[in-house]
Amino acid sequence: MFGRHLDEQVKTSVNSIVKSLESLEKLSQDMKTMISHFNWSRNIKSKKTKNNDFPWSKSIKREREKINTDHVPLDNASKGIAKIPNGDIEVSIIIPSQNKYPLNLFTLYSLEYQTFDPAKMEVILIDDASTDETEGQLKTYQPPYHFKYIRNTERVGRARVRNVGIQAARGSVLIFLDAEMLTEPNFVENHYKNHQNQNNLILSGAMYLRALYSCIFPTFSEQQIKKVADLTKQNQELYSRYKQCKFPLDRPYPLIDKREIAQKSFKNLSFNAYPWYQQIVRNFNQDLEGFAFPWMAFLTGNMSIRRELIIQAGLFDEEFYHYGYEDWELGYRLYQMGAQYKISNEIVTYHQEHPVQERKWKEAVGNFGLFSIKHHDVDVLILGLELARMTDLLTMNHILKEYKLLLQSNPTHFQSFSERFICILETIILLLEVDIRHFNLLGAAGFNAKARNDLKNDMKQINKLKKYPNLTEFLDKIINEN
């Protein structure tokens with residue numbers, strides 16, 4: 001019995017080792033592939049290939065080639081856009097939506113109570129092949145403002161769906177709004193008035209976002225349901241509605257209706273929930289002075305821009321099919337063009353909480369890799385530090401500013417150091433792609449003994465300058481971990 005049991009243990013151990021070796025072999029192949037991608041990106045220095053064929057986006061392109069849509073593709077920035085007559089329309093609100101009913105209907109309701117003249121605003125909702133009740137409920141929706149419902153027969157992706165909205169828009173000012181955002185009555189008016197004296201302004205209210213439970217979803221956790229119960233106790237009618245909810249659910253259960261939106265009592269269900277945004281608001285003014293990444297305010301959940309400016313920038317890059325970074329990529333291009341960013345607490349929105357799919361993390365990491373290839377700049381590459389949870393946002397901000405100051409103050413002395421620093425940032429991104437954080441970074445980056453000593457010597461010289469504490473602390477940590 002004992003011998004047989006031992007044989008089974010050995011067999012199990014061998015199988016485990018074989019599986020581990022197979023995983024390591026796959027990991028090695030993934031690393032080689034991605035390293036070749038980054039070598040390619042270094043050689044072309046972020047320029048596109050002849051066919052706009054970025055290695056990390058081939059699978060995305062294959063997906064998009066399968067797509068059928070009722071809309072004409074946007075071949076360039078001006079085709080099918082610049083000649084659209086606007087009539088009396090001054091503001092176009094662009095809302096992409098996929099399977100967000102009834103949250104998208106509540107969003108549309110909130111736009112019915114705007115102080116801005118409804119005759120001069122239009123709302124364009126682009127249904128990206130939803131399979132829920134969106135089409136049946138919104139196709140015949142008739143609000144006081146101009147409303148256009150556009151349905152894609154198959155999903156076209158996050159970037160292209162917004163380009164479809166831009167293509168259809170008639171207003172000189174475009175407001176991008178997520179499908180699950182409730183707005184205040186002065187939302188459109190405050191967006192619009194900020195653009196009257198500045199043509200290159202990008203205005204964002206995303207940093208002041210509040211969370212809201214307007215529905216209970218079948219997959220909500222016990223903690224979320226408890227939060228809902230606590231919030232509804234502030235309003236007797238809302239609490240009564242919550243108590244009538246019968247669990248388990250097979251569909252979203254609305255906690256509010258049009259009346260709560262008109263009376264603004266929905267705010268009883270709102271709360272602060274986005275510390276990432278709040279740290280920006282606490283540490284920088286509305287013009288984001290001192291913030292190295294003002295283009296991060298280009299968040300299409302709540303943002304406005306002049307139509308002519310976004311056309312000039314070339315619209316959203318449709319290589320970004322999946323979740324994440326399609327907005328920051330365009331925001332970064334606009335920043336390079338000289339656009340001015342501003343955040344405002346006069347355009348607050350309320351995000352209606354809903355289940356988030358787990359695959360979004362991998363999609364975001366993949367899109368970040370694409371972003372870093374298209375813009376192979378330190379301003380973009382350094383974002384991997386926070387994404388890999390190696391630093392927080394504010395520390396990352398300090399590191400980038402200190403790095404740039406170091407090179408500016410010593411234009412010839414630290415060029416080799418700069419190359420080594422960029423190599424470390426690239427490696428962090430590569431490791432994220434294979435779901436590894438920051439283990440043995442210098443080894444993964446290919447630093448031999450000489451390269452490690454050179455980096456240590458660089459750090460000694462930089463430390464002597466006593467001006468770059470965040471940069472040196474970060475790199476010292478990486479050196480000591482290896």
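Is His146 buried, partly exposed or exposed, and what is its relative accessibility? In this predicted model, local features need a pLDDT of at least 70 and side-chain atom pairs count only at pLDDT 80 or more, while totals for chains, interfaces and linings use all residues. Residues are numbered from 1 along each chain as its sequence is written, and side-chain values use heavy atoms, with hydrogens and water left out.

His146 counts as partly exposed because its relative accessibility is 34%; buried means under 20% relative accessible area, exposed over 50%, and partly exposed in between (1.4 Å probe, protein chains only). This residue belongs to strand S3, residues 146-152; strands (E, at least two residues) and helices (H or I, at least four) are DSSP runs numbered from the N terminus. Beyond its neighbours within four places in sequence, His146 has contacts (heavy atoms within 4.5 Å) with residues including Ile89, Met121 and Arg170. Met121 is 25 residues away along the chain, yet the two C-alpha atoms are 6.4 Å apart.

Strand S13, residues 349-352, tells another story. Here Thr349 and His351 on one side, and Tyr350 and Gln352 on the other, are all buried. Strands pair if DSSP finds at least two bridges between them. S13 pairs with S5 (residues 181-183) in the antiparallel sense over 3 bridges, and with S7 (residues 210-212) in the parallel sense, also over 3 bridges. Tyr350 is the bridge partner of Leu182 and also stands opposite Arg210.

Turning to helix H17, 15 of its 19 residues are buried, so the helix is largely enclosed by the rest of the structure.
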